[in-house]
Amino acid sequence: VAGSAAAAYGLRNLSSSYDGNVVEVRRSSDDTTQNFTAAEITDGTLLAFVGTGGSDNGFVKTWYDQSGNSKNAAQATAASQPKIVSAGSLLNELDFDGTANRLDIDFGSNLSQPNSIFMVHQSSTTLGASNEFFDELGTTGQRTLLDQSGANYRIFAGSSADSGLSIDGNKNLVTAIYNGASSILAKNGTASSAINAGTQSISSTSAIGFSEGTTDYYQGSMQEFIIYNSDQTDKRRAIEESIATANGITL
């Protein structure tokens, strides 16, 4: 899945060749941080580090890029870090609180279209102001946005494009392909008709869980977020099937 991606974030190994760290976690008891592989998340190592008491919480400081491009999604500010352990229980997802949590990415330069994003998430609310999944961070003059408009998923790269596909409280696999008037969005394998999202790039500085335009945030969980600096239309179904199988999603 992560083979030719510009950046790839997950709590599992997204390719057969990756066995490195997937997250850096800060524990609430003393603010110590430690890196963890996908295996260490599920085998009890992460929970042993954070603690299993009612006041033990773990927060993601870094979501490591598995693409090989070292474009980690990071957050140095403690209050803005999404949660991965809550009250001594492993969430096995990144939980964004809707008020301050975001992870920042520095791509080094803008990523011109076409671009493709694959996201696994579960919203805690259907309020539009709390479903800001991805946006620019800064003033580069370029903006690729994935969020909610009305009741539906929206993509924006200079032009607002309503997908016609609704946001709900289920775990969903969302695919957003930004390619001018040939853009599409798909929810659990079902694609919108071609929609015009505009032609702007992914900004060199962008953020997961935040919208620069509204200063709103995302409230819900996220399991995977994969970005390609290319049009993955031809491979979309194969990528979706791989992600859906790993995450228990029916296409």
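Helices (H or I, at least four residues) and strands (E, at least two) are DSSP runs, numbered from the N terminus. The model is predicted, so local features need pLDDT of at least 70 and side-chain atom pairs count only at pLDDT 80 or more, whereas totals for chains, interfaces and linings use all residues. Residues are numbered from 1 along each chain as its sequence is written, and side-chain values use heavy atoms, with hydrogens and water left out.

The buried residues of H3 are Arg236, Ile239, Glu240, Ile243, Ala244 and Asn247. They cover an arc of only 125° around the axis, which puts them on the same side of H3; the arc is that of the directions from the helix axis to the C-beta atoms. The cover over these buried residues includes S9, strand S14 (171-178), strand S15 (184-187), strand S16 (190-191) and S20, where contact means heavy atoms within 4.5 Å. With twelve residues at 1.5 Å a residue, H3 should span 16 Å, and its end C-alpha atoms are 16 Å apart, which agrees; the expected span of a helix is 1.5 Å times one less than its number of residues. Just after H3, Gly248 takes a positive phi of about 70°.

Helix H3 also contributes to the largest pocket. At least two lining residues are supplied by each of helix H1 (38-42), S7, strand S20 (219-228) and helix H3 (236-247). A pocket is an open set of points, on a 1 Å grid over the protein atoms alone, where a 1.4 Å probe fits, with protein on both sides within 12 Å along at least five of seven lines; lining residues have an atom within 4 Å of a point. The space in the largest pocket is about 200 Å³, a volume being the space filled by probe spheres set on grid points that are joined across faces, edges and corners. The lining consists of Leu11, Arg12, Ala38, Thr42, Asn92, Glu93, Lys171, Gln223, Glu224, Ala246 and Asn247. These residues divide into three nonpolar, four polar and four charged; Ala, Val, Leu, Ile, Met, Phe, Trp, Tyr, Cys and Pro count as nonpolar, Asp, Glu, Lys and Arg as charged, and the others, Gly among them, as polar.

Lys187 lies in strand S15 and is buried, with a relative accessible area of 13%. Leaving aside neighbours within four places in sequence, Lys187 is in contact with Tyr153, Leu165, Ser166, Asp168, Asn172 and Leu173.

Several loop residues were also examined. Thr199, in the loop between S16 and strand S17 (205-208), counts as exposed at 64% relative accessibility. Its C-alpha atom is separated by 6.3 Å from that of Gly158, 41 residues apart along the chain. Not counting residues up to four places away in sequence, Thr199 touches Gln113, Ala157 and Gly180. Gln113 is joined to Pro114 by a cis peptide bond with omega of about 5°, and Pro114 is placed in the loop between strand S8 (103-106) and strand S9 (115-123).

Ala87 has a positive phi of about 50° although it is not a glycine. This residue is found in the loop between strand S6 (83-86) and strand S7 (89-97) and counts as partly exposed at 37% relative accessibility.

Note on methods: Buried < 20%, exposed > 50% of the residue type's maximum accessible area, 1.4 Å probe, protein only.
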